[in-house]
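Take a look at this protein chain and its ligand. The paragraphs below lead you through its helix pairs, its domains and the surroundings of the ligand.

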Amino acid sequence: MIMHPIQQRGQTIKQYDAPTTIESALKLLADYGKRARVIAGGTDLIVELDRNQRQGVDTLIDLTRIPELNQIEQLANGAIRIGATVTHNQIVASDLLRERGVPLVQACWEVGSPQLRNRATVVGNVVTASPANDTISALWAMDAQLTLRSLTGVREIPLRQFYKGVRQTFLAENELVTHITLPARAGKGIYVKLGNRRAQAISVVHLAIWLEEEPAHQTHTTNTVAFPRVKHVDIALGSVAPTIVSAAAAEQFLQGQPLNVDVIAEAARLVGVGVKPISDVRGSADYRTDLLPIMTKRALTALRDGHAVLPTDPAFLQAATNGLFPTGNGLESSHSQDDMIHTTINGNPISAPLGTHQTLVDWLREAVGLTGTKLGCAEGECGSCTVFLDGMAVMGCLVPAARAHHADIMTVEGLPDQSGELHPIQQAFIDTGAVQCGYCIPGFLMSGAKLLEEKPNPSHEQILQAYSGNLCRCTGYYKIIEAVHAASDVLAANSPS
Ligand SMILES: Cc1cc2nc3c(=O)[nH]c(=O)nc-3n(C[C@H](O)[C@H](O)[C@H](O)COP(=O)(O)OP(=O)(O)OC[C@H]3O[C@@H](n4cnc5c(N)ncnc54)[C@H](O)[C@@H]3O)c2cc1C
Ligand code: FES
Ligand code: FES
């Protein structure tokens, strides 16, 4: 039977390799050539493969088992080095970056949902090269450098020189981005974004600013208020043009000026000079043109006044893992279509045949027979496929099935205890009537259970954060939130004091 194109699944992946050193990843990249694509979190690539947008690619080289790549380090010269598999949630949790890289932390916090941020990497965001990608403008304003490696050598290039055009970069076919480096710069920064909703929204407009002020004695006093003068400023605009762009006219004007109301108003007026905003499904060019000065004015004022806000004690859905997936010796793997996956699911060793073309959720349902995890959107938007991968909540529809090899997976079937007694969150969903059609519920239970493991007494805000990647079209959410509070009460009552 020949299926209609809309019924057909995406591109077939025939080979999956997970090396544990950079050298072996580079060798695989050179050997496989055009047929291979590097995968980190897979949150862009799996969607592209599903939409047949990577013609000729039938091999994935997974970087997430390489230990050298998942670290955030401060170098001797004060610069900060971010490895290629560092995730958005790792950035949000990093004390070093919360102190020295505020725009990047704010941008990472804006990406998708907790399950997505547990897998999606900053480098993946940079290489995908969409002008709407949140972290690129932050890294642009912070003057980040990229380290590119191939078997033949290493190149260090400024991020600002990495882009050719929309979704196009100067990365060579045989190269990996191994690190991003933030230079040690004086100053402070901010990132602001406007999307069409508060979570899981691609930007309509975003911007990042890095500002260095003159020393205090250079301040300009109006009446009794002292305004700092600008020594240097970088303003990067995202989602308004085919690539991220600098607001050159505003940057030039601000040089040496005191940051008072009039100066900020003029900088806001100048911010769009030379920029030709785009129209797309998210907003018209006119709307973007109107937004730019408003957002610039608010961002500059907040930055001057020290009001660049970071999330306090946010919900990551990663419990005690520190956001790190296991890496290193013994975890390397190479799978072709006929090979088996050996893994642990809900505490039990499981071996099942591999479809290298499958995602984790399809494999769990079709090869392992665990049908509790549901497939909704198949592109990371709805959360019904939420499972735990090595202790972290992830979207199962965006994980290649072969990534399960040597991993520790938990599905909704694993929530009850060994005697079969329901997890408190399952019982609470029943008791509060938090279920209607039920399709989304396995995903809500998994996110809720991981939240309670991470924060046994979550605030309302933390519950909203934890559920920002789970959609329900029936319940209206109130009962679901009530159920989490109820489960938290039960856990508190049962915990040894
Ligand atoms: C539901 C959903 C919501 C999203 N929301 C947002 C959002 O709000 N903001 C936003 O900016 N993005 C968003 N994204 C896009 C995506 O999550 C990010 O771009 C993410 O950072 C990509 O990282 P990754 O590790 O998953 O990349 P992958 O998908 O693994 O890779 C992306 C690309 O980079 C290449 N690549 C990865 N690592 C390397 C490397 N080290 N060297 C060379 N090439 C490499 C891959 O071959 C691929 O072409 C969303 C995606 C989904 C599915
Ligand atoms: S998020 Fe995976 S099926 Fe919707
Ligand atoms: S209960 Fe029906 S989609 Fe949530």
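Predicted model: local features only at pLDDT ≥ 70, side-chain atom pairs only at ≥ 80, totals over all residues.

The crossing of helix 10 past helix 11 is right-handed. Which residues of helix 10 and helix 11 meet? Helix 10 brings Ile264, Ala265, Ala267, Ala268 and Arg269. Helix 11 answers with Pro293, Thr296, Lys297, Leu300 and Thr301. Sorted by class, the residues of this contact are six nonpolar, two polar and two charged.

Now find helix 5, residues 102-109, and helix 8, residues 134-141. Their axes come within 8 Å and cross at roughly 175°. An angle over 145 degrees counts as roughly antiparallel. Helix 5 and helix 8 are therefore roughly antiparallel to each other. On the helix 5 side, the contact uses Pro103, Leu104, Ala107 and Cys108. On the helix 8 side, it uses Asp134, Thr135, Ala138, Leu139 and Ala141. Seven of the residues in this contact are nonpolar, one is polar and one is charged.

The next pair is helix 13, residues 424-432, and helix 14, residues 441-454. The two axes come within 9 Å and cross at roughly 130°. That angle makes helix 13 oblique to helix 14. Helix 13 passes helix 14 in a right-handed crossing. Ile425, Gln426 and Phe429 are the residues of helix 13 that take part. They meet Ile441, Leu445, Gly448, Ala449 and Leu452 of helix 14. This contact has six nonpolar residues, two polar ones and no charged ones.

Step back to the whole chain. How is the chain divided into domains? The domain assignment gives three entries: domain 1 (10-65 + 325-412), domain 2 (84-124 + 182-304) and domain 3 (415-494). Domain 1 and domain 2 are each listed with two segments. Look at domain 2 and domain 3. Their C-alpha centres lie 36 Å apart. Where they touch, seven residues of domain 2 are in contact with four residues of domain 3. The domain 2 side of this contact holds three nonpolar residues, four polar ones and no charged ones.

Finally, turn to ligand 1. How many residues surround ligand 1? The count is 34. The closest are Gly41, Thr43, Gly124, Asn125 and Gly380. Which element gives the largest share of the shell? Helix 7 does, with five residues. By class, the shell has 16 nonpolar, 11 polar and seven charged residues. The shell also brings the domains back into the picture. Domain 1 and domain 2 each give at least three residues to the shell around ligand 1.

Methods: Residues numbered from 1 in each chain as written. Chains lettered and ligands numbered in written order. Axes fitted to C-alpha atoms, helices over the stretch in contact; angles between N-to-C directions. Helix = DSSP H or I, 4+ residues; strand = E, 2+ residues; numbered from the N terminus. Parallel < 35°, antiparallel > 145°, perpendicular 65-115°, else oblique. Left-handed = near helix turned anticlockwise from the far one by under 90°. Contact = placed C-beta atoms within 7 Å. Nonpolar A, V, L, I, M, F, W, Y, C, P; charged D, E, K, R; others polar. Near = placed C-beta within 6 Å. Domains from an automatic or database assignment.
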